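Subject: Structure for your files

Dear colleague,

Here is the structure to take over.

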Amino acid sequence: MPTMLTLGNLVCGFSAIHYAMKPVGPTKLFDWSNLYVAGLLVFLGMFFDAIDGSVARLTRSTSNLGAQLDSLADVVSFGVAPAFMMLRLVSYYYGPEGAVTILGPEANSVYAKFLWTIAVIYVCCTALRLARFNAETPGASEDDHRNFKGLPSPGAGGTVASLILLHQSLLATQDVGENLAFARLFALGLPFVTVICAVAMVSTLRYAHFANRVLRAPRDFAGIVRLVIPIIVGFFFPHIALAVAFTLYALSGPAYTVWLLTRRNSVVPPPSTPA
């Protein structure tokens, strides 16, 4: 069962790439755009990735093979797929007329080469991040997964995918759908978010394991309120809630580091006593 869940994550990543390859437009699936479907598939893969480890521990079937397979699936679902989705979206607004092709190094444009380079850097940083995690993590227990060094690949991929989902959902509304300036500006900022997430993945910033922290949170009234309020907000504003939550999580590493440095500098050393 854990292996099937991990392979489900891999299939979701491959399917997201398949939909992202298509020209931007509605699909036969509820008339959703192809990028919207690709974003949903990334989050479906994230669901499989979140539960396969727990199922493996519950069934006592953890293995080194499962850990390596999980990382291979994550490279596709949270590395290649989000990078390809970013390329597809920006190519639609800044590519050649018709936006059928995807910008790449063969285009006679410095911006196209720069954009493709960002996507390559993001994919490489995802692979490096997962390889470092496998090399430095001693085991598969929850105690070994309480914190991460560097932004986890699902967090990075979720940040990029959630912003694309928000972009597509806002364009589907009547008020924003015809605002081309908004759509182009949103797409223009996405590569910068992508490269920031790439750097965060290979950094030494500390990030909390959100799922384990939630599962081990105290079941008092305050803990229940902290859990219920985001669920209610996410129910009414799912796209905004996803984008805000993943963006805040990506920023939590730098914020925690700044807080530690500020706290360390604010500590006044005790006065030295004369000999």
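**Helix packing and burial**

Helix H2 (residues 34–58) and helix H3 (residues 64–94) have axes that come within 11 Å and cross at roughly 160°. H2 is therefore roughly antiparallel to H3, a label for angles over 145 degrees, where under 35 counts as roughly parallel, 65 to 115 as roughly perpendicular and the rest as oblique. Axes here are lines fitted to C-alpha atoms, for helices over the stretch in contact, with angles from 0 to 180 degrees between N-to-C directions. Helices (H or I, at least four residues) and strands (E, at least two) are DSSP runs numbered from the N terminus.

This is a predicted model, in which local features need pLDDT of at least 70 and side-chain atom pairs count only at pLDDT 80 or more, while totals for chains, interfaces and linings use all residues. Residues are numbered from 1 along each chain as its sequence is written, and side-chain values use heavy atoms, with hydrogens and water left out.

The crossing of H2 and H3 is left-handed (the near helix is turned anticlockwise from the far one by less than a right angle; clockwise would be right-handed). On the H2 side, the residues in contact (heavy atoms within 4.5 Å) are Leu35, Ala38, Gly39, Val42, Gly45, Met46, Asp49 and Asp52. They meet Asp70, Asp74, Ser77, Phe78, Ala81, Met85, Arg88 and Leu89 in H3. By class, the residues of this contact are eight nonpolar, three polar and five charged (Ala, Val, Leu, Ile, Met, Phe, Trp, Tyr, Cys and Pro count as nonpolar, Asp, Glu, Lys and Arg as charged, and the others, Gly among them, as polar).

H3 also packs against helix H1 (residues 2–21), at an angle of about 15° and with the axes 9 Å apart. H1 and H3 are therefore roughly parallel to each other, and their crossing is left-handed. The contact of H1 with H3 divides into 16 nonpolar, five polar and three charged residues.

Helix H4 (residues 110–136) has 27 residues and reaches 38 Å from first C-alpha to last, close to the 39 Å expected (1.5 Å times one less than the number of residues). Its buried residues (under 20% relative accessible area, 1.4 Å probe, protein chains only) include Ala112, Tyr122, Arg129 and Arg132. Among the elements covering the buried residues of H4 are H3 and strand E1 (147–149).

Overall, the protein chain has nine helices and two strands, and 38% of its 275 residues count as buried.

Regards

Key
Buried means under 20% relative accessible area, exposed over 50%, partly exposed in between (1.4 Å probe, protein chains only).
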